[in-house]
Amino acid sequence: MLHIERLYDPYALNQAMCRYSRDIFGEKRLHARILHFQNKYQILDNDAKELIKYEDYGIKVDSCSPYIHRRIACLFYWFSVFKPFRVNIKSTISENENTYDYLEHHNEFITYIIAMMVLDCVNWTIDLHEKLPLFKQFLYDLHYRKLSRSALEFFLSNYIFPK
């Protein structure tokens, strides 16, 4: 019998969400803060424009409202970097290879489910899981390879669409 203990690392989950939030909403937060200080301290327009050069702050996503593909790509990226979800197997693996694949890539599988829920909230969907060999390769690559946010965004644009 296979006994699986599902675990999560709250520190890693917090780090993944903080980095995700910085990448996706960082420019919007910074813009709001600069406008607030401009009004509060009567900063001149030219000085405010100088402060609103976001590339100087190391923000990775250059948009106050990034496309959904970019948002989901960043979600996958940071969850694959920090890997907040894992499993401990308390007995031997069964012969069912599919079970092992999803246990081995548990973090990536859970992240995919989170992405599906996020997309559903905004009336979008993802269908990568319907192409099983490609889906398995995607989970493997997220787990073992260092993928960039841009590469993930480009790849996911083929599988994420409005409902």
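Tutor: A salt bridge is a side-chain nitrogen of Lys or Arg within 4 Å of a carboxyl oxygen of Asp or Glu. Keep in mind that this is a predicted model.

Student: What makes Arg149 and Asp23 a salt bridge?

Tutor: The closest N and O atoms of Arg149 and Asp23 are 2.7 Å apart. The cut-off is 4 Å, so the pair qualifies as a salt bridge. Arg149 belongs to helix α7 and Asp23 to helix α1, so the bridge ties together parts that are 126 residues apart in sequence. Arg22, Asp23 and Arg149 are linked in a network of salt bridges.

Student: Why is Arg149 called buried?

Tutor: Buried means under 20% relative accessible area. Arg149 has 19% relative accessibility, so Arg149 counts as buried. Asp23 has 1% and therefore counts as buried too.

Student: What makes Lys83 and Glu108 a salt bridge?

Tutor: Their closest N and O atoms are 3.5 Å apart, and the limit is 4 Å. The pair links distant parts of the chain, with Lys83 in the loop between α3 and β2 and Glu108 in helix α5, 25 residues apart.

Student: Are Lys83 and Glu108 buried or partly exposed?

Tutor: Lys83 has a relative accessible area of 27%, so Lys83 is partly exposed. Glu108 has 1% and is therefore buried.

Student: How do you know that Lys131 and Asp127 form a salt bridge?

Tutor: The closest N and O atoms of Lys131 and Asp127 are 3.3 Å apart, and the rule asks for a distance within 4 Å. Lys131, at 32% relative accessibility, counts as partly exposed. Asp127, at 13%, counts as buried.

Student: How many salt bridges does the rule give?

Tutor: The count comes to seven.

Student: Why is it said that the buried residues of α6 line one face of the helix?

Tutor: The buried residues of α6 are Phe135, Phe138, Leu139, Asp141 and Leu142. Seen down the axis of α6, they fall within an arc of 165 degrees, so they line one face. As for length, the 13 residues of α6 should span 18 Å, and the end C-alpha atoms are 18 Å apart, which agrees.

Student: Which residues of the largest nonpolar core touch the most other members?

Tutor: The core has 27 residues, and Ile72, Phe76, Ile126, Phe138, Leu152 and Leu156 touch the most other members. The elements giving two or more residues to this core are α1, α3, α5, α6 and α7. The largest share, nine residues, comes from α3. Leaving aside neighbours within four places in sequence, Phe138 is in contact with Phe76, Tyr112, Leu128, Leu152, Phe155 and Leu156.

Student: Where is confidence lowest and where is it highest?

Tutor: Confidence is lowest in helix α4, residues 97–104, at a mean of 59, and highest in strand β3, residues 124–126, at 97. The mean pLDDT of the chain is 86, and 88% of its residues reach 70 or more.

Methods: Residues numbered from 1 in each chain as written. Predicted model: local features only at pLDDT ≥ 70, side-chain atom pairs only at ≥ 80, totals over all residues. Heavy atoms only, no water. pLDDT = per-residue confidence, 0-100. Helix = DSSP H or I, 4+ residues; strand = E, 2+ residues; numbered from the N terminus. Core = buried A, V, L, I, M, F, W, Y, C linked by side-chain atoms within 4.5 Å. Buried < 20%, exposed > 50% of the residue type's maximum accessible area, 1.4 Å probe, protein only. Contact = heavy atoms within 4.5 Å. Expected span 1.5 Å × (residues − 1). Arc of directions from axis to C-beta.
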